[in-house]
Structure formats: structure tokens, C-alpha cells
Amino acid sequence: LAFGRFLREENRSKEATPLLEEISNTGSNKDRATALVELGRVYLEDGKFADADNAFTLAIGRAPASVTIRISIARGYIDLGTDEALAKATDVLQRAIRLAPAAAQLQSLLGATLVRRGDVGAGRAAFQKGLNSGDYVAARSHAAALLTADPTNSEFHFLMGLVEARDGQTGNAREAYLKAIELEDGLYPEAHMNLGKLERQAKDYEQSIAYYRLALDARPNYREATNNLALTLLAAKRSDEALTELQYLVASFPDYAEAWLNLGRTLSSLERNDDAIAALQQAIAVRPGYPAALLNLATILRKSARPEEAVAVYDTIIASQPRYVSAWYNRGIALDDSGQVDAARASYEKAFELDVGHLLSLKRLARLELREERFKRSEELYTELLDRDAGDAKSRRLRGETRAGLGDSAGCLQDASLAKKQEPNNSNLQRLFEICNEPRK
């Protein structure tokens, strides 16, 4: 089988064909299917298209659940490169995706194939799906193959930029996007948009803003670029400009839920909470059940001293997403604010149960138990926090308070002394030393 593949790759089809035909009629189903694929690729290269299609059909029949076989068939058609062959490759890959929807390599190969056929939008979407699954090796391989075939195609450089950006190779991604822009004579709004994202991640806000504006110069109604521009302006502490962009965006695209969400966040940062609540309610009206908008709405309600309304919103989120850790955690804070201690405790515990790495829940729970003078439980929780992070000076100081409540003066003094080394200028520590030596009431 390996020798037959070697002969095919060396364009020695006359020698490869009889060998592969023999293997395709003997051995395991897997070997026979693989031989049939290689045989089909020989037929393709010899122009025997009907024979190739038949060999590929037989190969799938021998290994109907094999994604590898279908990828090999698709590659055969892709290597041929004709419009008809690329259409057949697309069909093979789409059928394979129905068989194995989680296979990242299928998505990225389908994306590369669709882009090569000129279906850029669908191709990018499929390619992005592959990247979202984390298979950067396969995606890079597909993009590199496209560039080898045609290094002057701007879209192929753009796909490589997507791969490099998702793989954290910022310099390579920047280079790929800039090359794509160069090949389009400076007019490639999607590439400028992605450069804006790269620079924002690098906290070079001014350069990011410049790239977003270039994207908008090329496409004035590019709503995603306007949205990202506003977020970058907000990060650069240019809130008034961000607000102007977002108000323009929701006026131009009233059904754009993400813009309403970001408008609400911006208004909240400016302490215009009533307006922020209205914007977030509009986001939810446009996209019912929008988790991010619901979470932000509940948070603003809580901070606006409306805890009962906040709890109702958190309950709405949890009803549809019962494993949403942030909702359980913030629900606990709202319940705590409204004096519902037992319900708050249960909410913090649920958040921590769902994510044992969510230390904010553990800290809130420990503080609640300290406040309620459940000292033993509070000490256990603070000890767990310190086991995870011995440098957490605040937890050490609060465990000292807890030990004072238990009447453990020695333990309290030990924590106070260690906290003093960690926070020598903390004025609260003097009070801690005092309560360590106070008799327990």
C-alpha cells in the first residue's frame, strides 16, 4: 500500500494501478478502502474521472465511518483543482461534517475549499469553525497549501492571518493581513478590522483606532468595525467618543443587539444607570434571552440598590443556563445585599460547586460566614483559600479575625504577624493585633 502511494506520488501510474487494484480486492476493509482512495487519485490524474468517482464510492462503502478516508478523497479532488473537482470536494467534506461535526480539520479544509471556489463568506465561516476547535496545525496546513498554489491571492493571506492570530502568533498575523491589504491596493476592510483587534489586544489603542477607521473608510456601514472602534475608544478612556459611535450604531442598526449591549455598558461606566438599563433592556428585546445583556442588566440593578429586581434577572439567566457560574455568583451578592443570607450562601456554594477555581465565590462565602459569626466554617474556607494562594494577605488577615472569634489568640497572632510582613503599611492590622488579645465574648 505504501509502495502504491509512493508510485502514485511519483506519477508512475502504470506501475501503481495494478498494485493498488490488487490491494483493493484483498485485506481488511480499512486497507481496501485506503487502496481504493489511492487508486481513485491515480484515475483522477490520468483523466479517468468516472473510474475515480467509482473508486471513491467503493472506498466510502468499505469504511463508511472513516473521516480520514473522506478527507483523502476530498484532497484528491482538491489537488485536481478544476471547478467540477472542487465542487465534488465540497460535497464530500459537507457529508463528512454531517458524520463528524466536531472534526476541526474537516471545517478548515472545507473553508479553504470554498474560498478557492470563490465562496468567500461561507469559506471564512467554515475556516473559523475549524479554528474555534483549536486545530491550528490543520488550518495552517490548508492555508499554506492555498498560498503555495497562488501566493498572489489576498484571501489566502487573510486566512493565514486568521490562523496566526488564533495561534497567538501576532507578528505573523500582522504580516499576513498587511500582505492581503497590499494585494488589494490598500482596500481590504476585513483585514483592517482584524489588525484593529490585534493592536487592541496589544493595548496599542491609538493604532487600533486608526485601523478601525481605515476599515470604515473602505466600508462606511461596517457595523462590526464601528462596534469594535467604540470598545477600543472606551478602553482608551475616551468614553464620550465611544458613546457617540455607539449611539450612531444603534440608530443606524436598531436590531444590532451587541451594539445595545455595549451602549449599556458605556452608559454604566459614565454612571448613567437609568439610561444603561434602558439600553440593556433594548438589547434583550432585540435578542431575547441574551445572556451578556441579562448579566449586565442584573449587575447594574444590583449596584443601583435594586437587589430584588437583580435576583429576578439572575433567575432568568439560570433558568436557561443552569451552569452559568457568574450568574450564580452575582445572584449571591444580590441576595446578600437584600439580607437573604441563607439564599446567598446557597448561591455562592452553587457557583463554587460548578467551578472549583472560582475563588471569588469562596471569598464571598468565607466573608459571609465571618459576618454571621460562623467562625469554624469561615476558618475552614479561609484556610482553603490560603492553601491555594499563600500570598493572599487579605484572606490571611480575615482568617486572623476568624480565629479571634474562635478564641484562638495564638492562631490569630500568627496570621496577623504574617499579614504584617505581606502588608506592612496596612492600617487595619493594628486593630487585628488588638482583637487577637481580646478575651472572647
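Which helix gives the most to the lining of the largest pocket? In this predicted model, that helix is H12, with 7 residues.

**View 1. Lining of the largest pocket.** The largest pocket holds about 400 Å³ of space. Its lining comprises 17 residues, and those nearest the centre are Gln128, Leu162, Tyr177, Asn194 and Lys197. At least two lining residues come from each of helix H8 (120-132), helix H10 (154-166), helix H12 (189-201) and helix H14 (223-235). By residue class, the lining of this pocket consists of 7 nonpolar, 4 polar and 6 charged residues.

**View 2. Helix H18 and the helices packed against it.** Helix H18 runs over residues 291-303, 13 residues in total, and spans 18 Å from its first C-alpha to its last, close to the 18 Å expected at 1.5 Å a residue. Buried residues of H18 include Leu294, Leu295, Leu297, Ala298, Ile300 and Leu301, and also Thr299 and Arg302. The buried residues of H18 pack against helix H16 (257-269), helix H17 (273-286), helix H19 (307-320) and helix H20 (325-337). Just after H18, Ala305 adopts a positive phi of about 60°.

**View 3. The disulfide between Cys412 and Cys436.** The whole structure contains 1 disulfide. Cys412 is joined to Cys436 with an S to S distance of 1.8 Å. The pair links distant parts of the chain, with Cys412 in helix H25 (residues 409-422) and Cys436 in helix H26 (residues 428-436), 24 residues apart. The disulfide is left-handed because the torsion about the S-S bond of Cys412 and Cys436 is about -75°. Both Cys412 and Cys436 are buried.

Notes: Residues numbered from 1 in each chain as written. Predicted model: local features only at pLDDT ≥ 70, side-chain atom pairs only at ≥ 80, totals over all residues. Heavy atoms only, no water. Helix = DSSP H or I, 4+ residues; strand = E, 2+ residues; numbered from the N terminus. Expected span 1.5 Å × (residues − 1). Buried < 20%, exposed > 50% of the residue type's maximum accessible area, 1.4 Å probe, protein only. Contact = heavy atoms within 4.5 Å. 1 Å grid on protein atoms, 1.4 Å probe; cavity = no way out; pocket = protein on both sides within 12 Å on 5 of 7 lines; lining within 4 Å. Points joined across faces, edges and corners; volume = space filled by probe spheres on them. Nonpolar A, V, L, I, M, F, W, Y, C, P; charged D, E, K, R; others polar. Disulfide = S-S within 2.5 Å.
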